[in-house]
Amino acid sequence: MLPSKKRDKARRDLWPRFATGTEAIAEIRSITDTILLSFSRGKDSWGAYLALRDFRPAFKRIIPFFYWLTPGLRVENEYLDYCETIFKEHIYRLPAPGFWKTIGRYKWQPPGNIPIIDSARPPQFGSDDLAQWLWNDLGMKGRPWVALGVRAVDSPLRWAALKKSGFVNYTRMVFYPVADLKAAPLSEMISRAGVKLPADYHIW
């Protein structure tokens, strides 16, 4: 077997092989049987979950987490409770990286809060930091692989980013189970699974 650094480089050099999300899933399943799933409650993240759930050989555990921007919103928490009945896993609620940026830049804050914010010096966390801390809190070792519900056809920027990193990003240890899916097959997958989308999702 190759030493770990050479093995990782060999994997990175092979990323163009993964022309589909299914191939990306197969690659990660060959590395680990336990992953994190960033779950936004929308169609793309539902598609990522369903693709992971139905893959064989099955993952031992798919651990979902949700980023909130405003804490304690009932419309979000009630829907996440519903999702947990399907996942059979607790969905961990984490403050979004944007939450810390919002506070640190005084957005939506009355002037009287500015001295308090300056005194507190809110830390600036990235998504990779938060995923690692969740992983550590769960008693896991090493770094986690994180599944993201991102599709290349959503925007030119996403297409360019995925073309550069591939459907498996070995540097950040994230992968994209539905990166190649278009809207019609994604909607069919969700409809076939019988899951309902959140009420606020239809509004926006």
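Trainee: Which side chain does E84 join in a polar contact, and at what distance in Å?

Mentor: Good place to start, and keep in mind that this is a predicted model. E84 is found in helix α4, residues 74-87. Leaving aside residues up to four places away in sequence, E84 touches E89, H90, I91 and R93. The polar contact joins the side chains of E84 and R93, at 2.8 Å.

Trainee: Is R93 buried, partly exposed or exposed?

Mentor: Buried means under 20% relative accessible area and exposed means over 50%, with partly exposed in between. D81, with 41%, is partly exposed. R93 has 25% relative accessibility, so R93 also falls in the middle class: partly exposed.

Trainee: Which residue does R41 meet in a salt bridge, side chain to side chain?

Mentor: The count of salt bridges in this model comes to nine. In the one you ask about, the N to O distance is 2.6 Å, and the partner of R41 is D200.

Trainee: How far apart in sequence are the parts that R41 and D200 tie together?

Mentor: The side chains of R41 and D200 meet in a salt bridge. R41 lies in the loop between β1 and α3, while D200 lies in helix α10 (residues 199-203), so the parts tied together are apart in sequence by 159 residues.

Trainee: Is D200 buried or exposed?

Mentor: The cut-off for buried is under 20% relative accessible area. R41 has 7% and counts as buried. D200 has a relative accessible area of 13%, so D200 is buried.

Trainee: Why is strand β1 largely enclosed by the rest of the structure?

Mentor: Look at both faces of the strand. T34, L36 and S38 point one way, I35 and L37 point the other way, and all are buried. β1 is largely enclosed because the buried residues in residues 34-38 number five of the five.

Trainee: What is the handedness of the β-α-β crossover from β1 to β2?

Mentor: β1 and β2 (residues 61-68) run parallel, joined by five bridges, and S38 stands opposite F65 in β2. The chain crosses from β1 to β2 through helix α3, residues 43-53, and this crossover is right-handed.

Trainee: Which residue of β4 stands opposite L36?

Mentor: β4 covers residues 146-148 and runs parallel to β1, with three bridges joining the two. The residue of β4 opposite L36 is V146.

Trainee: What is included in the cover over the buried residues of α5?

Mentor: In helix α5 (residues 97-104), the buried residues include P97, F99, W100, T102 and I103. Just after α5, Y106 takes a positive phi of about 65°. The cover over the buried residues includes β2, β3, α6 and α7.

Methods
Residues are numbered from 1 along each chain as its sequence is written. This is a predicted model: local features need pLDDT of at least 70, side-chain atom pairs count only at pLDDT 80 or more; totals for chains, interfaces and linings use all residues. Side-chain values use heavy atoms; hydrogens and water are left out. Buried means under 20% relative accessible area, exposed over 50%, partly exposed in between (1.4 Å probe, protein chains only). Helices (H or I, at least four residues) and strands (E, at least two) are DSSP runs, numbered from the N terminus. Two strands pair if DSSP finds at least two bridges between them. A crossover is right-handed if, with the strands pointing away from the viewer, the path from the first strand over the helix to the second runs clockwise. A polar contact is a pair of N or O atoms within 3.5 Å; within protein, one must be able to donate a hydrogen and the other to accept it, and residues adjacent in sequence count only if both atoms are side-chain atoms. Contact means heavy atoms within 4.5 Å. A salt bridge is a side-chain nitrogen of Lys or Arg within 4 Å of a carboxyl oxygen of Asp or Glu.
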